[in-house]
Amino acid sequence: MKRLLLLFQIICWSILSVNGQNNNEEIRIIAIGAHPDDADIRFGGTAALFAEMGHKVKFLAITSGDAGHQNTGGGALARIRRNEANKAGEILGVEYEVLSNHDAELTPELHIRHDIIRKIREWEADIVVTHRPVDYHPDHRNTAILVQDAAYLVIVPNVVPDTPPLDTNPLFIYVEDHFQKPNPFKKDIAVIIDDVIEKKIDAMSAHNTQMFEWLPWTRGISLEEIPRDSQGKKKFLENELKRRFPEKKAFDEEGVQAIRKWYPSSSINRINHVEFFEICEYGRQPTDAEITKLFPMLKTKK
Amino acid sequence: MKNVIIIFLFLIIGFTTTAQEKENKPLRIIAIGAHPDDCDFKFGGTAALFSEMGHKVKFLTLTNGDAGHQNMGGGVLGNRRRKEANKAGKILGVEYEVLDNHDGELLPSLEVRNQVIRKIREWNADIVLGLRPNDYHPDHRNAGIIVQDAAYLVIVPNVAPDTPALKKNPVFFYMNDNFQKPYPFSRDVAVVIDKVMNKKIQALAAHESQMFEWGPWTNGVKTETIPENSEERLEWLNNKYNGRREFNQTELNAIKTWYPSLDISGVKNAEFFELCEYGYQPKKEELAQLFPMLNRKNN
């Protein structure tokens, strides 16, 4: 009997301590984009929320972005973009690393897959964020393939044996896009980012060469049309965000359902900015309860 | 007052000329296949219609087809097929270019991607047609990936900087296939080609090594059953391809959409195209401008 009690006590302790650990546990997120600014545009708000709650977020750009400009390029452009990325990272409270693979030339090669496996392991990631393998830019598609290929292999010790493997496969999620084939983006998780939208837009503004020079140029917008003062620039970017995902203004049915699911008591009409995520089938497959643990901002939002 | 009238006149003239320019400027189309004959099969009729209307069409094949024969191969076959392709191009009224990558070995490498980016730019294409990345031949799948990868990058000046970038992303389409996974071909555009079916058959016949030697061989057709003189060969090919396939429901629907006043029971041959999500996304009325043979007055 005494022994049974002791056993019972031990079990209680261990349950308590595991719970206790979970409550304080730091969540570690790595968001992997093709270019410096991709993670900011599609995950910047959620990243800022994680960071404000004390969790650790890292943005990793697989290419240096050295092709993304009409008047400059190569190493000179890459240096500018690395600086912009660091500035954006500071605003969001995340670490920003930019690899030196050439922009517009990314292919799903083993050595880059291995780099990504190392980065995910070194960050001890609980959540890995990336593009879907369908998107308008081949670098986005190839980044998605590379990150998908790292899922599972991050736990295999014989793969990249110089870097200790993770104990468990992280949760892999995709950022939103509007492509329909072979299947449309699925809004599995919704994160309301209205509280940090200023930060997100400031971080996007930090990518000055992209937001106010290159991207407008690709869309035939002349430089004169772009506001020069910071207030006007912010307004411009806010409109850009709405243009990119028009449903952000009036959410589509799937969006509304996703918001209701994760914020049951919220009133849709008062929500302006949401980031949606799709769960990748190749990583850990979480229950809804596990998702609220991994995305603690979902619990705190009234 | 006089001044105002003059300005007004100038404005009118300005408007009409831009409208005319828009209307008269020939469209520039480039169709990109893996082997010499791919574009002919899937786009030959529509290409002939474009060409007859004064638009500029180019066929580009990413391999020289140097593996497509049971008894010959290599550079000899590559050059034979290049000649056949040029002959077919003349019949359809299109330019035909055959790149020298090896048949059966096409990979979506950066080198080939950049070749394609240059060709699209040099042609100053409004429309690019490619294959879907699911098809029976790995060269077709890889050709599909390569063309998709060129979409968007054709407007990026830092990519292949030796060739000036296009100002605008062209509209990209896929040429028809019947594969179902991961999703079946979506017949976004249908073009009835009965008027030019003879030309298409003649263009196919120009690919002698394929139509009368290699193709039949892969299907177990005995050489003795294939006619030798060119008239009989044309008829043989005509029997094989002209109106021999019944349209399924999705094909019929696509034809009805684009030819609302046409008696469908009379249609024997059509070609179908799927809009690719990675190029410029045209509205429905823009689609009709891109395929001017679809305008009712031209039907």
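Before looking at strands, I note that two of them pair if DSSP finds at least two bridges between them. Helices (H or I, at least four residues) and strands (E, at least two) are DSSP runs, numbered from the N terminus.

**Entry 1, ground rules.** I am working on a predicted model, where local features need pLDDT of at least 70, side-chain atom pairs count only at pLDDT 80 or more, and totals for chains, interfaces and linings use all residues. Residues are numbered from 1 along each chain as its sequence is written, while chains are lettered from A and ligands numbered from 1 in the order in which they are written.

**Entry 2, the sheet of chain A.** I started with a pair of residues: A:Ile32 stands opposite A:Leu60, which belongs to strand 2 of chain A. Strand 1 (residues 28-33) and strand 2 (residues 56-63) of chain A run parallel, paired over six bridges. I then followed the whole open sheet of chain A and found seven strands in the order 3-2-1-4-5-7-6, with mixed pairing. Its edges are strand 3 (95-101) and strand 6 (189-192) of chain A, each pairing on one side only.

Which strands does helix 2 of chain A touch? Helix 2 (residues 38-52) packs on the sheet against strand 1, strand 2, strand 4 (127-130), strand 5 (171-175), strand 6 and strand 7 (274-279) of chain A. The direction of this helix makes about 170° with that of strand 1 of chain A. Contact here is a matter of C-beta atoms, placed from the backbone, lying within 7 Å.

I looked at strand 4 (residues 127-130) and strand 5 of chain B, which pair in the parallel sense over four bridges. There B:Leu129 has B:Phe173 of strand 5 as its bridge partner.

I checked omega and found a cis peptide bond between A:Lys181 and A:Pro182, at about 0°. A:Pro182 sits in the loop between strand 5 and strand 6 of chain A. In chain B, the bond from B:Lys181 to B:Pro182 is cis too, with omega near 0°.

Next came phi. B:Tyr152 is not a glycine, yet its phi is positive, about 75°. I place B:Tyr152 in the loop between helix 5 (138-150) and strand 5 of chain B. Is this residue buried or exposed? B:Tyr152 is buried, because 22 other C-beta atoms lie within 10 Å.

How many residues of helix 6 (residues 197-206) of chain B are buried? I find eight of its 10, among them B:Ile201 and B:Leu204. The buried residues pack against helix 2 (38-52), helix 3 (74-92), helix 7 (208-218) and helix 8 (230-241) of chain B.

Terms used: Contact = placed C-beta atoms within 7 Å. Axes fitted to C-alpha atoms, helices over the stretch in contact; angles between N-to-C directions. Buried ≥ 20, exposed ≤ 12 C-beta atoms within 10 Å, placed from the backbone.
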